[in-house]
Amino acid sequence: MGLQPLAHLTGTALVYCITIACSSGFMLFGYDQGVFSGVIVTPYFLKKFNKPNAGLLGTINALFDIGGAIGAILVFIAGGYLGRKKSILIGSIIVIIGAIIQAKAPNVAALCAGRIIAGVGVGIDTTAIPIWQAETAPPKTRGHHMAMELVFTATGLFISQWTNFGLGTNNGPAAFLIPVLLQIVFPTITIVMLLSGLPESPRWLIGKGRFNEARASLERLHVGSDQPVDVYFDEMLEVVELEGVSEKSNFKLIFTSGPTQNLRRVFLACWMMSMQQLGGINSITYYVPTLLIQFLGTTRYTSLWVAGLTSVVSVTFALFPVFFMDRLGRIPLLIGGAVGQSICFIIVGALLAVTSPNSYSYGFAIIFFIYLYFAIFSGTWLAGSWLYPAEILPLRVRGAGASMGVFCYWMFNFLVVMITPTALQNIGYKMYIIYAIFNALFAIILWYIYPETAGKSLEQIDMHFARKYGGEEALRQIQQEMERKEMERKDHGHREGSEIGHLEKVGA
């Protein structure tokens, strides 16, 4: 095990190592969300790339989102074949290549290429990582482990903002190169851990018919579990049989219902990721420095470090779901978050409607509710919106369905970033009223349409949809077949025991 020091780990220690590997990947995601906003205003950057105009700077930033969408599509096409670990490994390597290209870029074209390539890698990782985590974590603590990933996402944003702030007075190449090359650190940690003996998802292995490897993976993951490994293994086999009732390809299965209601569940995943972006998070992030300058009269330098405090708020409140998501459930947390965000937007919009420039009292009130919004989002939607799609999707289309959900995330991210400046200029405070209405509608949609997943195994979620939406007959047939096989296995074991006892008597 010299080359794979983690290959001996089992049980809780192993699950936490998987969480660390996943969290490093999501820390990169958070870091890349914030790093370029500080890089593109450095004197070295502006001089090297001939002072690109605002439109070109917006394009450089937005190309990362396009790359993320491409990465999600690649997982849709090849993720089911590659598996969870190989997909994450490839995504991490692509990010490193993209970061090096950005650092060495001699012109804007090469810089744009580096941004797209890095975005592709992050898109692959943000698609495959939640699936791997969901498929290896115990049902009772799955929310805890996946919420930890999003704490590290907020930490990545924190690191990027304060790295840029720390280099804010540096006019040399370090202010550009250090933030860009730091992108290499996070995927390197993930790569090293992946190659150190962490197991592949047992559910993916079972789906591929690699039953011995799947059982070995389950035995490592469920040491000390409250149920025997055979119970988990049989549940997974039953679901594979249930999904196998249809002879259609995995691609066609996405757009059909069947016993496990694939199309319905893919829609739930895609709309969850879309709601996260349409909830207004990126428009708020964009406008914080402007609000500080306009209503509090701060300098650009002060506005940057005060705005940077949003990442401190985000990291702090992202800890809440780590401890409470499994207790409170996913849907109550998301509904509460949507209602809280709606109230914050109503107040911010109302204050902006009646506030005159350089109004300290109104300005401080606006900033307070923006920070409150960040706290609510970080404590509810940040983790919940990424966790839910990985849980709700059935095995045979989990990779492809998650890819579609993440594609929706990146596309709506791109849309919000592109329209926010125009919306602020043309309709001003009304934009926040629109976001308030959106969030109120999301709370209603969640209440009526989205089932709870907390505390359930992924297989139990499959059974829920089969029972609720007309897959009872297929489910009953599969359960009868599983029971028959179980009786045959017990009968076979009983006969073997009798034969051994007979031989022992003869030998005596």
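## Getting started

A residue counts as buried when its relative accessible area is under 20%, as exposed when that area is over 50%, and as partly exposed in between, using a 1.4 Å probe and protein chains only. By that rule N50 is exposed, with a relative accessible area of 66%.

This is a predicted model, in which local features need pLDDT of at least 70, side-chain atom pairs count only at pLDDT 80 or more, and totals for chains, interfaces and linings use all residues. Residues are numbered from 1 along each chain as its sequence is written, and side-chain values use heavy atoms, with hydrogens and water left out.

## The chain as a whole

What is the chain built from? It has 23 helices and zero strands. Both kinds of element are DSSP runs, numbered from the N terminus: helices are H or I runs of at least four residues, and strands are E runs of at least two. Of the chain's 508 residues, 54% count as buried.

A contact here means heavy atoms within 4.5 Å. Take the contacts in the chain with a separation of 6 or more: 82% of them come from residues 24 or more positions apart.

S23 sits in helix 1, which covers residues 11-39. At 1% relative accessibility, S23 counts as buried. Leaving out its neighbours within four places in sequence, S23 is in contact with M148, E149 and F152.

Back to N50, which belongs to the loop between helix 2 (43-48) and helix 3 (54-82). Phi of N50 is near 60 degrees, a positive value in a residue other than glycine. K51 is found in that loop between helix 2 and helix 3 as well. K51 also has a positive phi, about 45 degrees, although it is not a glycine. Is K51 buried or exposed? At 66% relative accessibility, K51 counts as exposed.

## Helix 4 meets helix 7

A99, Q102 and A103 of helix 4 make the contact with F176, L177, V180 and L181 of helix 7. By class, that contact has six nonpolar, one polar and no charged residues. Here Ala, Val, Leu, Ile, Met, Phe, Trp, Tyr, Cys and Pro count as nonpolar, Asp, Glu, Lys and Arg as charged, and the others, Gly among them, as polar.

The expected span of a helix is 1.5 Å times one less than its number of residues. Among the buried residues of helix 4 are R84, S87, I88, A99, Q102 and A103.

How many of the residues of helix 5 are buried? The count is 25 of the 29, so helix 5 is largely enclosed by the rest of the structure. Helix 5 runs over residues 108-136 and should span 42 Å; its end C-alpha atoms are 42 Å apart, which agrees. N107 caps the N-terminal end of helix 5, with a side-chain oxygen 3.3 Å from the backbone nitrogen of A109.

G123 is found in helix 5, and it is buried, with a relative accessible area of 0%. Setting aside residues up to four places away in sequence, G123 touches G68, G71, A72, V406 and W410. The C-alpha atoms of G123 and F407 are separated by 8.2 Å, although the two residues are 284 apart along the chain.

S196 lies in the loop between helix 8 (185-194) and helix 9 (202-207). S196 is buried, with a relative accessible area of 9%. Not counting residues up to four places away in sequence, S196 touches L3, Q4, P5, L6 and A7.

L218 is part of helix 10, residues 211-221. With a relative accessible area of 0%, L218 is buried. Beyond four places away in sequence, L218 touches P202, V229, Y232, F233 and M236.

Definitions and conventions:
Polar contact = N/O pair within 3.5 Å; in protein donor to acceptor, adjacent residues only side chain to side chain.
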